[in-house]
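Please look through the sequence and the model below before reading on. The report that follows takes up a few parts of it in turn.

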Amino acid sequence: FRTAVEVRLATLGTGENHPSTAASYSGMGTVFLSKGDHGRALEYLGKALDIKLATLGEKHPGTAISYSSLGNVHSDKGEHDKALQYFEKALRITLGTLGDRHLSTAVSYGSIANVHYSRGDHDKALEFHSKALKITIGTLGEKHPSTAASYSNMGSVYSKKGDHDKALEYYGKALEITLATLGDKHPSTAILYGSRGNTLFSKGDYNKARDCYLKALDIRRATLGENHTDTAASYSNVGLACNKKGDMSEARKHLTRALDIFTSTLGPDHPNTRECAESLAACG
């Protein structure tokens, strides 16, 4: 990306203030965000925004994307108020330029919902996730993976609120769509089985929770392999459910396998490894 910026600055007649230069800066900012370098991410995404404001103006979908990208960095930093300011700017532009039935508007609603979720304002999170879901259904239809993701987001909020029945309802809709569109051997399907399992576990229905965790485990072993941290997490979940059921032999077996994977992939001092070791020790 750095080379791309240098080339574009040298070849484009408009130099620094060109949308293509902004695109390169945005790409660099996204890379730095993925590496956890928030300072550099903000630096390059800020440059991209400045160029877009100068070349495209405030009321342009491209400018909204830059505001949203900056919001993502602040959200990742845990700076929820700043993130919300940027996401709300993006939403205002998107509503004004693309309308209230566009997928980009749904994305903005979802980003705002996620901030409210992180702040613990679950009712606000539900309000904005509901708006995103309505747009997604209206544009993509009921049987689409993005619609499933919106249902899953709703389920997550209800689960956090402690409304387990509502959470299971939305996770169930998400799972039905995901099975129909992506199949029963897809990582997204495993995630939904895990989410349903967590909700059932919280309800105290350990038999059904274990069944969901086992389905997630089968998918992850088939798609990610045996020695993957997500596979280890599924082994651990099965073990914890078996422990609650009083099946200590199965609990120890699955937690031991989880501990082996966590230790080999993350090391003995990683929080996941230590937590798994404590769970195994609690089995006696």
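Which residue forms a salt bridge with K131? The partner is E127, and the closest N and O atoms of the two are 3.8 Å apart; a salt bridge here is a side-chain nitrogen of Lys or Arg within 4 Å of a carboxyl oxygen of Asp or Glu.

## Basis of the report

This is a predicted model, in which local features need pLDDT of at least 70 and side-chain atom pairs count only at pLDDT 80 or more, while totals for chains, interfaces and linings use all residues. Residues are numbered from 1 along each chain as its sequence is written, and side-chain values use heavy atoms, with hydrogens and water left out.

## Helix α7

Helix α7 covers residues 122–140; helices (H or I, at least four residues) are DSSP runs, numbered from the N terminus. The expected span of a helix is 1.5 Å times one less than its number of residues, so the 19 residues of α7 should span 27 Å, and the end C-alpha atoms, 26 Å apart, agree with this. Just after α7, G141 takes a positive phi of about 90 degrees.

Among the buried residues of α7 are H122, F128 and I135, where buried means under 20% relative accessible area, exposed over 50%, and partly exposed in between (1.4 Å probe, protein chains only). The elements that cover the buried residues of α7 include α6 (103–118) and α8 (145–161).

K131 and E127 both lie in α7, four residues apart, which is about one turn of the helix. E127 also forms a salt bridge with K124, with the closest N and O atoms 3.6 Å apart. K131 is partly exposed, with a relative accessible area of 33%, and E127 counts as partly exposed at 34%. K131 also lies over the face of F128, at 5.0 Å from the ring centre; for such a placement, NZ of Lys or CZ of Arg must be within 6 Å of the ring centre and within 35 degrees of the ring normal.

## Aromatic pairs

The structure holds seven aromatic pairs, counted when rings of Phe, Tyr and Trp (its six-membered ring) have centres within 6.5 Å, with planes under 30 degrees apart called stacked, over 60 edge-to-face and the rest tilted. Y25 and Y44 form a tilted pair, 5.8 Å centre to centre with 35 degrees between the planes. Because Y25 lies in helix α2 (residues 19–34) and Y44 in helix α3 (residues 38–55), the pair ties together parts that are 19 residues apart in sequence.

Y25 is buried, with a relative accessible area of 6%, and Y44 counts as buried at 6% relative accessibility. Y67 and Y86 form a tilted pair too, 6.1 Å centre to centre with 35 degrees between the planes.

## Charged residues elsewhere

The count of salt bridges comes to 15. One of them joins K203 and D165, whose closest N and O atoms are 2.9 Å apart. K203 lies in helix α10 (residues 187–203) and D165 in helix α9 (residues 164–181), so this pair ties together parts that are 38 residues apart in sequence.

R220, in helix α11 (residues 206–223), is buried yet has no salt bridge, and the nearest side chain of opposite charge, D230, is 4.7 Å away; Lys and Arg count as positive and Asp and Glu as negative, while His and the chain ends are not counted. Not counting residues up to four places away in sequence, R220 touches A190, I191, G225, D230, T231 and S234, contact meaning heavy atoms within 4.5 Å.

Technical notes
Helices (H or I, at least four residues) and strands (E, at least two) are DSSP runs, numbered from the N terminus.
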